[in-house]
Amino acid sequence: MQFSVGHSDALDGFDALSEVVESLLLAVGDESPLGALVFASPGYGLGPIIERLLERWPGCPIAGCSSGGTFSSAGGYGEDSLSVGLFHSPATEVVASSSAGVGLAESLEGTVSRVVGDAKRKLGTAPKLCFVFADPFAADLASFAEVVAAEVGPDCCVVGGAASDHRVRLDDPSAPEAVGSDGVVVGGLSVLLIGGDVLVGASSGSGWEPVGFSAVATKVDGNVILEIDNAPARDALKRWHMDNVSIPSFPPIMATKGNGAALFRPVFALDEEAGSIVLGGAIPEGSQLELCEVLNKGLLAASSSSAHKAIDDYSGIVPCGAVVVSCAARKWHLGTQTFAENDEIASALNGTPHLGFYSFGEIVPESGSALFQSHTCTTIVFGAV
């Protein structure tokens with residue numbers, strides 16, 4: 001199996017796609033790709049991009065989403081850019097399938113079961129690798145990640161993220177889009193499954209470190225912390241000296257579960273009347289809470305470590321490709337140094353072609369299941385047996 005990447009930051013969407021397709025044709029020639037991943041700035045128009053890709057490679061399974069920036073081995077980092085990765089090779093026993101659908105807000109489990117089940121039927125064998133992308137505002141993605149992992153089974157590595165859009169606002173959350181072979185999906189998910197003789201290695205890092213005192217989330221309703229240490233959650237911010245910090249600048253909260261797993265969550269809103277804190281993802285009641293801080297060098301070191309550890313976790317000789325999902329909050333924090341994250345990853349991967357995007361939350365593998373995270377960088381490497 002081979003993995004080839006095309007990347008363009010041309011201003012016009014048609015020009016960007018033409019550049020990407022031209023570069024990919026040099027790699028795949030007359031081969032029919034096994035499958036494709038697509039990450040693009042929403043300004044390009046994701047629907048026409050999918051249509052044109054399918055005109056060139058009819059029937060190719062496709063999954064992906066809108067992004068708050070893409071990065072790759074083919075073109076570095078681009079705020080407004082298009083990146084496409086093709087799985088291809090007629091010489092290996094590897095298969096791929098995709099599916100997409102809407103309805104997460106109405107029925108999370110039913111929609112995931114329908115979409116993932118459709119992709120599994122098309123695949124015809126047990127999936128080894130699942131790429132999944134979803135609307136971040138349609139459902140609780142902490143539950144979503146667990147349901148997807150249960151659908152594909154414990155022997156399948158699940159990785160992906162929430163569609164992102166640097167234009168989106170919390171009071172207008174309709175912009176992020178997932179994309180599949182049938183076009184744009186709003187309020188749903190898209191999935192690409194890889195099966196057959198596939199080996200996978202994965203790792204995730206953050207760089208964020210807890211500071212100050214720790215507390216316990218004593219009353220929680222999904223992604224809303226009602227009480228911390230048996231007092232209104234809002235009071236804890238005063239003890240953290242964060243009660244006057246605006247939401248866009250608010251650092252993440254690390255919630256440590258009973259099994260020791262750390263969940264990073266952004267603060268989305270403060271409800272002054274109820275005294276509660278609204279997070280960008282559910283946490284279990286009883287979690288230990290700590291506020292986090294980071295320096296840019298810590299973020300970049302964690303990105304490099306994620307790629308190095310994914311290579312170490314890979315049981316094959318040399319992986320054929322890598323996919324990286326990094327949180328948009330990391331990009332916002334890095335600012336003008338954002339390009340350096342791709343440089344660190346490329347150096348750690350040592351020539352392995354990679355494709356990445358900035359997400360509104362990451363879905364990361366964890367011991368036969370999957371976690372929804374934030375503020376992390378996740379790397380997955382893969383290759384044929």
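Mentor: Here we set values against definitions, one topic at a time.

Mentor: This is a predicted model, so local features need pLDDT of at least 70 and side-chain atom pairs count only at pLDDT 80 or more, while totals for chains, interfaces and linings use all residues. Residues are numbered from 1 along each chain as its sequence is written, and side-chain values use heavy atoms, with hydrogens and water left out.

Trainee: What makes up the secondary structure of the protein chain?

Mentor: Eight helices and 26 strands. Helices (H or I, at least four residues) and strands (E, at least two) are DSSP runs, numbered from the N terminus.

Trainee: Why is Ser 347 called exposed?

Mentor: Exposed means over 50% relative accessible area, buried under 20%, and partly exposed in between (1.4 Å probe, protein chains only). Ser 347 has 56% relative accessibility, so it counts as exposed. Ser 347 is found in helix α8, where Ala 340, Glu 341, Asn 342, Ile 345, Ala 348 and Leu 349 are buried. Just after α8, Asn 350 takes a positive phi of about 55°. Over the whole protein chain, 58% of the 385 residues count as buried.

Trainee: Why are Asp 229 and Asn 230 put in their accessibility classes?

Mentor: Asp 229 is at 33% relative accessibility, so it counts as partly exposed. Asn 230 has a relative accessible area of 63%, and is therefore exposed. Asp 229 lies in the loop between β15 (224–228) and β16 (231–232), and Asn 230 lies in that loop too. Phi is positive in each: near 55° for Asp 229 and near 65° for Asn 230.

Trainee: How do you know that the span of α6 agrees with its number of residues?

Mentor: The expected span is 1.5 Å times one less than the number of residues. Helix α6 (residues 296–313) has 18 residues and should span 26 Å; its end C-alpha atoms are 26 Å apart, so the span agrees. Among the buried residues of α6 are Leu 299, Leu 300, Ser 303 and Ala 307.

Trainee: What covers the buried residues of α6?

Mentor: The cover includes β13, α7 (328–334), α8 (339–349) and β26 (377–384). Contact means heavy atoms within 4.5 Å. Among contacts in the protein chain between residues at least 6 apart in sequence, 80% join residues at least 24 apart.

Trainee: What makes a space a pocket?

Mentor: On a 1 Å grid over the protein atoms alone, a pocket is an open set of points where a 1.4 Å probe fits, with protein on both sides within 12 Å along at least five of seven lines; lining residues have an atom within 4 Å of a point. The second largest pocket has a volume of about 230 Å³. Of its 15 lining residues, the closest to the centre are Ser 204, Val 364, Pro 365, Leu 371 and Gln 373. The largest share of the lining, four residues, comes from β13.

Technical notes
Grid points are joined across faces, edges and corners, and a volume is the space filled by probe spheres set on the points.
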